[in-house]
Amino acid sequence: MFTTKIIAVILCCLLVSSNGLQPSTCSNQGDGNYGCFDIASQGSCTEVSNQPASRDIRWPHSGIDSNIDWAIKCGDIIAYKIQWFSGGWSGWYVPGVNDMDTKVNNGNGLRRMWSYFYDHTHSYIICKTNDSNKLRGCQ
Ligand SMILES: *[C@@H]1O[C@H](CO)[C@@H](O)[C@H](O)[C@H]1NC(C)=O
């Protein structure tokens, strides 16, 4: 009886140790990919196309704040396009790279091109955290 229990415990341990290999115990992977890591915690990105004018005044009123996307959209907008009233689309704007608007707000406050999300159709690629790291109030 006692021996049976011991054997059961040993079998259990073997099972756990062979299934639960941790990155720290992996052998050097060199240039190869032996799958001995876990990237499940990373976030994910999606393209959101043809969004109607948001009418959210925070877009034009937030100046050059590059984190207003987190406040309004719960994520990191990494690139976006604007559809002008002529019907044509802008090229890609990337926050902090090429998205300064030549218009200014009152007081000479600079703004980003995403100011036009307020009254223009727009598309963007947004990256969000893994669900387990969601900010309160975000979906
Ligand atoms: C979030 O990360 C955990 C690991 O930290 C992972 O198990 C889970 O699948 C991830 N969720 C999504 C939706 O990717």
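Which residues surround the ligand? In this model, the ligand is surrounded by Ala-40, Ser-41, Asn-130, Asp-131 and Ser-132, a residue being near a molecule if its C-beta atom, placed from the backbone, lies within 6 Å of it.

The model is predicted: local features need pLDDT of at least 70, side-chain atom pairs count only at pLDDT 80 or more, and totals for chains, interfaces and linings use all residues. Residues are numbered from 1 along each chain as its sequence is written.

The protein chain has three helices and five strands, in the order α-β-α-α-β-β-β-β from the N terminus. Helices (H or I, at least four residues) and strands (E, at least two) are DSSP runs, numbered from the N terminus.

An open sheet of three strands has the order S1-S5-S2, with antiparallel pairing; two strands pair if DSSP finds at least two bridges between them. Strands S1 and S2 stand at the edges, each with a single partner strand, so one side of each is left without a neighbour in the sheet.

| Strand | Residues |
|---|---|
| S1 | residues 44-51 |
| S2 | residues 76-82 |
| S5 | residues 122-128 |

Six bridges join S2 to S5, and these two strands run antiparallel. Tyr-80 stands opposite Tyr-124 in S5.

Of the 139 residues of the protein chain, 15% count as buried, meaning that 20 or more other C-beta atoms, placed from the backbone, lie within 10 Å of the residue's own.

How values were computed:
Buried ≥ 20, exposed ≤ 12 C-beta atoms within 10 Å, placed from the backbone.
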